[in-house]
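Welcome to this short tour. Please have your viewer open and your selection tool ready, and we will go stop by stop.

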Amino acid sequence: MPWELIFFYIIGAASVLCALGMVLAKNPVHSGIFLVLTFLNVAGIFVMLGAEFLAVIQIIVYTGAILILMLFVLMLVDPDDLPSFSSAAPLQRNLSLVLGVVLVLELAATIITRTALGGVGPDTPASIDSVGGNAQALGLRLYSDYLLAFEVTSLVLTVGVIGAVVLALPERLGERIQRRRDTISLAHPRGADGFLPAGPRGETPITTDIERDVAMQNAGRALIMTKDPDAYTRVGVRQGRPDANDAN
Amino acid sequence: MGELSTNHFLFLSAALFVIGMMGMLTRRNMLVIFMCIELMVTAVSISFVAFANETQTLKGQVFVLFVLAVAAAEAAVGLAIIVALSRRGKTVDVDSMHELRD
């Protein structure tokens, strides 16, 4: 048995097991970590297929950026909001099993009965080596033949970033920023005019350091617990925890 | 069986794709469904690279680069939607989301 095949079976089995772990893990954080492992194994598969540049990009983009983003979102979402694992409808689960088996059979039949395409392309290992390697060959191709698609991709990414910012912005926060531009503080998310007693220049001066500490602690806790931007951007609330029922 | 061929990689790709699909159909947590979509995208990428390797051309690899870029944009927008939904509706359970219907 050639070493290549042994490595393929090891990496392939690891990636499939990690993918199964991702689907079956109860905790979404564990799912995310299993997904990282799957992507690392897939990067190994890319290396075996001679796509070294893609392997590195896979690690940087997927495990470096997207998965970190997912874990951050997981921290933002309240754990009580997460649905319990085994509560999918039984019909749905059985149907997905049937569909999965059918799809496996279809794909296997397609792969077994297909005719090999054969080495017909221009990018033989020798020609890739002559320009310096996989990354160089890919770059040459990307910046000549696929220049327009490359530029369009940059547009897609820009629109995606703007859309993400707009979607994740709290509702009505924008107009509040417009209305009270002079009182927004970047140092504290509640803003300088909100809940915190402002010390010497404020209407409710803090007399002792203990009071200030308590106020700070309450502020931090309220910031974590509240999900409604109205609760902490209201005009006129000077002291005490904002009333959650009063929002809106 | 003796030699490593493209079919090996295609089978691996199919396995990962089906695992991702079944996870997407059974799980109810929106974030896990999102991860399953990423897994399916990656599985298809393996197919692309395997075919590129078989036909001795770089077109498949270039295509995977574009797929990665689009997947990154999709992840940003999708996660922003999840954040907005969890802030509004206080849940990321897909079965209990019917705001568009009401």
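Helices (H or I, at least four residues) and strands (E, at least two) are DSSP runs, numbered from the N terminus.

What you see is a predicted model, in which local features need pLDDT of at least 70, side-chain atom pairs count only at pLDDT 80 or more, and totals for chains, interfaces and linings use all residues. Residues are numbered from 1 along each chain as its sequence is written, while chains are lettered from A and ligands numbered from 1 in the order in which they are written.

Start by colouring chain B by confidence. Its average pLDDT is 85, and 86% of its residues score at least 70. Now select helix H1 (residues 6-26) of chain B, which has the highest mean pLDDT among that chain's elements, 92. Helix H3 (residues 59-89) of chain B has the lowest, 87. For the model, ipTM is 0.90 and pTM is 0.74.

Next, select chain A. How many helices does chain A have? There are ten, with zero strands. Of its 248 residues, 18% are buried (20 or more other C-beta atoms within 10 Å of the residue's own, with C-beta atoms placed from the backbone).

Finally, show both chains together. Here 72 residues of chain A are in contact with 61 residues of chain B (contact puts C-beta atoms, placed from the backbone, within 7 Å). Helices giving two or more residues to chain A's side include H1 (3-24), H4 (90-113) and H7 (147-168) of chain A.

Technical notes. Contact = placed C-beta atoms within 7 Å. pLDDT = per-residue confidence, 0-100. Buried ≥ 20, exposed ≤ 12 C-beta atoms within 10 Å, placed from the backbone.
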